[in-house]
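Please look over the sequence and the model below before reading on. The paragraphs that follow go through it one part at a time.

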Amino acid sequence: MQSTVPRSAASRVIARTPPAIYRWLGDRIFATFIVFFGVCILVLAVLTAWVLGSDAWLPIRTFGFFGFLTGTTWDPVAQVFGAWPFILGTLITSICALAISFLPAIGVAIFTAEYAPRWLANIINTVVDLLAAIPSVVIGIWGIFVFSPWMRDTFYMPIFLWASQNAQGALRFLGAPTGYNIVTATIVLSFMIVPYTVALSRDAIRMVPREQREAMFALGATRWEVMRQAVLPYARGGIAAGVMLSVGRAIGETMAVAMLIGNSNNLPYTLFGPAATMPSVIVNEFREAVGRLYSLSLIAVGFYLLLISLIVNLAAAMIRRRLAVEGSRGI
Amino acid sequence: MSQRALNTSPEAIAKNLRRRYRYERVMEAFLVAATVFVMVPLVIIIYYVVVNGISAINLDFFTQELGSPARVQTGRPTGLYQTIIGTLVVDLLALLFVIPFGIGAGIMLAEYPDHKLNPTIRVITDTLNGMPAIVTGLLVFAIIVRPVGSYMGIAGSVALAIIMLPIVARATESVLNQIPWSIREAALALGLPRWRMVLSTTLPAARAGIVTGLMIAFARAAGEAAPLLFTSLGNNFAARSFRGYLFAPVDTLPQRLYDLARSPYREWHAMGWAAGIVLLTFVIATFVIARVATRQRT
């Protein structure tokens, strides 16, 4: 910095070496903190798997990994635990809920993305997002006091009475007409997952490039033909992944299902009978679980739930990559 | 779109067009019907919650504690004072916990795009986002409640913070990604180090979006009951001091709503509906504010 030219005040400020925090120290501290926060997410995931896995160790060792998975008896008194009734309940409710909600949800997604004028689409999107924001317990209390009794009085009871007169063989499959059964829980579950399917498939449809549509319109196609042949095939990866993620939501949905499914620990043999899902059995019994093996078995159910949701989520990620059309950005 | 041999007579073309237009109208009707069908439950649920709960909302509801079942049966005043305070304490504490971790992770994903861990973190974050809330409850029970030996408000906050974490991280990341690199380059060209660039230019520019992400995560967590059942447990009585809301079992609205709905007392059912109104108002208000903030930004 030796100079013969007299220096101005400004140049003296510039020539002054900045403090270390403005050279190398600040960036290192900042990067350390930021990476720490990022790594915390990884640690959290590992911690979840490890803690639940180590707690699940005792029941898994007692009954075997597949023994616990496929055991059909859940008897706290006899200290025999098998998760199959709950796994089956979870799979039935979520898959049936998806089957009910799939077409309407895709319909809403297509309507808001392609058909509706902008202002209407905004309103519909807000309402659908609000539906997703309604707490599960609020839907649950509505289900307990309004929906289940209504279903009982309108459908289960008349059908049951009719069957008791005319088709006594069917009574086995109708179960007791209490209103709290798999069908009720599945219907409620189906409109709880609609918002997720709508939001994810809407995003996928919006990602389809405009040229794709314009080319089809230029050929003289109607709007539905454009949707069917130019847009939906392009968006199918995103839609399929969105559907998978919605199934993940349905699998983990706890409170409303626990309040409506009737909570029976036996293997469900009919859709009109009570059952339990993996989250619902944990919610119902964990606070009252007495004994080490009993409470650890409930945690083991949680561990299997974690594994299933992990599989579903990773499958969604894979579907998105596999089904994505070459060059599309996906969601 | 027939594959048959083309019949180009005018009548055939007109017939074909009519068929296609008819199909178009049928599909449009189906789409409208689906939309109405999906939106009906929202209206029905909100209607029933309001109609059934409004009678139980009065001054006592906000100023009295719930107490034992005998209290409501003998006609003494009862309310959910302790639940509302507990909900605010637990939820706001959870928000406080999640802010540094969620925003920090979001900054890592967006501002250090070349970091080796980022693809892994992204996948893990999405997986955590899809993880059932009840699993979070079990996790916090195992790592906090069981070792300490007591259900605590703080444990509930930690559980809710874990639920919010992936949402906040991904929202922060996507907002930061929308900020053009030219702004960052301008800051760097002025000689600012990277940390100062993030803190003084990108974060302020992304503030509205980050707050929106936080509020959406908050609305989601505020409605969760499953992770609170084994962490903050619930409490019929108001705590005597603020410490009681942190280190003792605490009532929260979703969990109390569940317990009231399962209780055998008719009066408590009415209070459950009223709790539903309060919870719904709380969640929807948060959600709408977040929505409005987003719309102003764009």
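Predicted model: local features only at pLDDT ≥ 70, side-chain atom pairs only at ≥ 80, totals over all residues.

Charged pairs come next. Side chains of opposite charge can pair when their charged atoms come close. The count over all chains comes to 16 salt bridges. One of them joins the side chains of A:Arg213 and A:Glu114, at 2.6 Å from N to O, and this pair links distant parts of the chain, with A:Arg213 in helix 10 (residues 210–218) of chain A and A:Glu114 in helix 5 (residues 84–115) of chain A, 99 residues apart. A:Arg213 counts as buried because its relative accessibility is 11%, whereas A:Glu114, at 22%, is partly exposed.

In chain B, the side chains of B:Arg122 and B:Glu173 meet in a salt bridge of 3.1 Å, N to O, which connects helix 5 (residues 118–130) with helix 7 (residues 153–178) of that chain across 51 residues. Here B:Arg122 is partly exposed, with a relative accessible area of 25%, while B:Glu173 is buried at 6%.

Helix 9 (residues 182–206) of chain A holds A:Thr184, which counts as buried because its relative accessibility is 0%. The side chain of A:Thr184 makes a polar contact of 2.8 Å with the side chain of A:Tyr156.

Key:
Residues numbered from 1 in each chain as written. Chains lettered and ligands numbered in written order. Heavy atoms only, no water. Helix = DSSP H or I, 4+ residues; strand = E, 2+ residues; numbered from the N terminus. Buried < 20%, exposed > 50% of the residue type's maximum accessible area, 1.4 Å probe, protein only. Polar contact = N/O pair within 3.5 Å; in protein donor to acceptor, adjacent residues only side chain to side chain. Salt bridge = Lys/Arg side-chain N within 4 Å of Asp/Glu carboxyl O.
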